[in-house]
Amino acid sequence: MEGAGAYGGGKAGGAFDPISFVQRPQVILRAVSWLFSIIVFGCISSQAWQPEADGKKLVCLYNGDTNACNYGVGISVIAFLASMGFLVGEYLFEQMSSAKTRKHYVLADFAFSAFWAFLYFVGFWYLCNQWAKSATPRNDVGVSNVRAAIAFSFFAIFSWAASAFLAFKRFKQGSDAAFSSNFESDNMQSSYPSYPGGPDLDQQYQEPPFSGGPNPRGTSDFQAPAY
């Protein structure tokens, strides 16, 4: 792509365009993941904890499993912070003049996004399993929030997996470009004459000056000298 820098980003030092920035797929996915994380930990924190009949203790609506509530909140809070960090990283990505720095960022993006997609996958099934075993709360208090947390945990799997896929494409694009540059450089270095000052092989072969033309001594037969 013309004007593109290493690993799919623009060349360092270019002017920042906020319109093109917010239209990047990476930025859109980070914003979506950020929103999903807010919904998940907000729903669990607000109404997934309800008091027992005696009112002395709060219990998690996911079958009374405290770990289920803590797990959903924990991965979502970290996802919230990580999404903001990667949004800042996307802004700074264009300013990274070193291809090695961009490579490290892309690899970190891929590893974290793939791992968090897996954690949300585990969290989705964990919450679903515990909710299926739960008794219905009194007056259905908190039911909508509990179900919303499960639903958006499921959606978050795809947003983080898509971010990992785009990071992998970036890494592959940068690796292919580096390989192509080295390959072309090797080909250019291998194009040299066989020895210094050698003849130009592209020139056409010319006959020697004495290989043809009229005989200066004429066409008569050879005569032996007289003694």
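Colleague: Happy to look at it with you! Which residues lie nearest the centre of the second largest pocket?

Modeller: This is a predicted model, where local features need pLDDT of at least 70, side-chain atom pairs count only at pLDDT 80 or more, and totals for chains, interfaces and linings use all residues. Residues are numbered from 1 along each chain as its sequence is written, and side-chain values use heavy atoms, leaving out hydrogens and water. A pocket is an open set of points on a 1 Å grid over the protein atoms alone, where a 1.4 Å probe fits, with protein on both sides within 12 Å along at least five of seven lines; lining residues have an atom within 4 Å of a point. Of the 15 lining residues here, those nearest the centre are Gln50, Pro51, Leu61, Pro137 and Arg138.

Colleague: Which strands each supply at least two residues of that lining?

Modeller: Strands are DSSP runs (E, at least two residues), numbered from the N terminus. The two that qualify are S1 (49-51) and S2 (58-60).

Colleague: Which cysteines does the disulfide join?

Modeller: A disulfide is a pair of cysteine sulfur atoms within 2.5 Å, and the structure holds one. With S to S at 1.9 Å, the pair is Cys60 and Cys69.

Colleague: Is Cys43 buried or exposed?

Modeller: Buried means under 20% relative accessible area, exposed over 50%, and partly exposed in between (1.4 Å probe, protein chains only). At 24%, Cys128 is partly exposed. Cys43 has 13%, so Cys43 counts as buried.

How values were computed. Helices (H or I, at least four residues) and strands (E, at least two) are DSSP runs, numbered from the N terminus.
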